[in-house]
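Hi everyone, thanks for making time for this.

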Amino acid sequence: YQAEAEQRPWARYSAEFDMPHRRAFALLRAIPASLANGEFRLVYQPKLNLHTARISGVEALARWRHPQFGEVSPAEFIDLMERTTLIHDFTEWVLHKALEQLSIWRARGLDLTIAVNVSSRNLEHPMFLHMLRNACALHGVHPKSLRLECTENAVMTGTRTATTLAAVRAMDICISLDDFGVGYSNLSCLHSLPVEILKLDQSLIKPIANDERAFTLIQSLISMGHALGYQMLAEGVETAEVLDLLKHHGCDAAQGYYISRPLEADAIPEFLKASRGPHVDGMP
Ligand code: C2E
Ligand code: MG
Ligand code: MG
Ligand code: MG
């Protein structure tokens, strides 16, 4: 190969150029078997209600550990799946897994909501609403306990998406606008979206304790969101300082490593018990 590459430099170039595509192709090919073999799992990141200082819900986040590829990040595999129809099967799997888990926690007396991330492709699928209804019914979960997290870009494209979101709201499922503030924030659309929660992106949250202008921006976004009737949720809270600032400036809820990393399902009841003890007023 080396010899060939020296004779024909472009041969080597094209092989390297092709590497990301080969990986993408190999990963995509592995997904169906991995789904069947239980190589995907969900972890759950607690969400802190800043008014009650209680954990009010969790966000389900997908993880993939493949025997050959090792741990593959959701950023990578979700992006791949979104280019194909695999994202439909995958979201259905996530939804079932998450609602099954919620019903297990419910049976143990834990009062939680669960948030599931959905892609724009999902919202365009004609059976999406049917799938939501089925999943809630099958696991005996009230739609009020389910939240869908959609990114800004996803909800601002196409009329079919808008119709679907309106129907999701009509089912009593709450919609969060994920990564708010870093997409192509089309503010002219914002007031008309059937969305209840704006989830401030972590890149906006992280600098607020050290950068006055970043803080002013968040303060203004919280006021604006409230004025429009949205609940404001901050993601990427990594320090006590940031949590304090958010709490004192009216942010409704927060998520981030300072509160908790995403946890395995088994660790959630223990975490809730510890966080709801009388000694931790003000969390965490
Ligand atoms: P997201 O929905 O915005 O999720 C937040 C991401 O930030 C998660 O990364 C989470 O682990 C991470 N995170 C949470 N708190 C902190 C913090 O304090 N600091 C930092 N640095 N990071 C924090 P993750 O799990 O790698 O997921 C990345 C993205 O992949 C998600 O962003 C979401 O868009 C997508 N994703 C994950 N699971 C699913 C899924 O089941 N379905 C779909 N469609 N997308 C998913
Ligand atoms: Mg999310
Ligand atoms: Mg986000
Ligand atoms: Mg994100």
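Okay, let's start with the metals. The magnesium ion (ligand 2) and the magnesium ion (ligand 3) sit 4.2 Å apart, and aspartate 178 coordinates both of them. Before I go on, keep in mind that this is a predicted model.

So what coordinates the magnesium ion (ligand 2)? You'll find Glu59 and Glu149, each through OE, then Asn117 through OD1 and Asp178 through OD, at 2.0 to 2.3 Å. If you want to spot those donors in the sequence, look for the spacing E-x57-N-x31-E-x28-D. Two of them come from distant parts of the chain: glutamate 59 is in strand β2 (residues 54-66) and glutamate 149 is in strand β5 (residues 146-151), 90 residues apart.

Are those two glutamates buried or exposed? The cut-off for buried is under 20% relative accessible area. Glutamate 59 has 6% relative accessibility, so it counts as buried. Glutamate 149 is at 3%, so that one counts as buried too.

Now over to the other ion.

Let's move on to the helices. Find helix α4 (residues 86-107) and helix α6 (residues 128-138): their axes come within 9 Å and cross at roughly 25°. Angles under 35 degrees count as roughly parallel, and that's why we call α4 and α6 roughly parallel to each other. The crossing of α4 past α6 is right-handed.

Who makes the contact? On the α4 side it's His88, Thr91, Glu92, Leu95, His96 and Leu99, and on the α6 side it's Met131, Leu132, Ala135, Cys136 and Leu138. Sort the residues of that contact by type and you get 7 nonpolar, 3 polar and 1 charged.

Helix α6 has another partner, helix α8 (residues 159-170). The axes of α6 and α8 come within 10 Å and cross at roughly 20°, so these helices are roughly parallel to each other. Here, too, we have a right-handed crossing, with α6 passing α8. From α6, the contact uses Phe128, Leu129 and Leu132, and from α8 it uses Thr164, Ala167 and Val168. That works out as 5 nonpolar, 1 polar and no charged residues.

One last stop, a glycine. Where is glycine 183 found? Look in the loop between β6 (174-180) and α9 (187-190). Its relative accessibility is 30%, so glycine 183 counts as partly exposed. If we leave aside the neighbours within four places in sequence, glycine 183 is in contact with Glu152 and Asn153. Valine 94, on the other hand, is 24 Å from glycine 183 in space, C-alpha to C-alpha, and 89 residues from it in sequence.

Notes:
Residues are numbered from 1 along each chain as its sequence is written. Chains are lettered from A and ligands numbered from 1 in the order in which they are written. This is a predicted model: local features need pLDDT of at least 70, side-chain atom pairs count only at pLDDT 80 or more; totals for chains, interfaces and linings use all residues. Side-chain values use heavy atoms; hydrogens and water are left out. Donors are N, O and S atoms within 2.8 Å of the metal (3.2 Å for Na, K and Ca); water is not among the atoms, so sites may look incomplete. Helices (H or I, at least four residues) and strands (E, at least two) are DSSP runs, numbered from the N terminus. Buried means under 20% relative accessible area, exposed over 50%, partly exposed in between (1.4 Å probe, protein chains only). Axes are lines fitted to C-alpha atoms, for helices over the stretch in contact, and angles run from 0 to 180 degrees between N-to-C directions. Angles under 35 degrees count as roughly parallel, over 145 as roughly antiparallel, 65 to 115 as roughly perpendicular and the rest as oblique. A crossing is left-handed if the near helix is turned anticlockwise from the far one by less than a right angle, and right-handed if clockwise. Contact means heavy atoms within 4.5 Å. Ala, Val, Leu, Ile, Met, Phe, Trp, Tyr, Cys and Pro count as nonpolar, Asp, Glu, Lys and Arg as charged, and the others, Gly among them, as polar.
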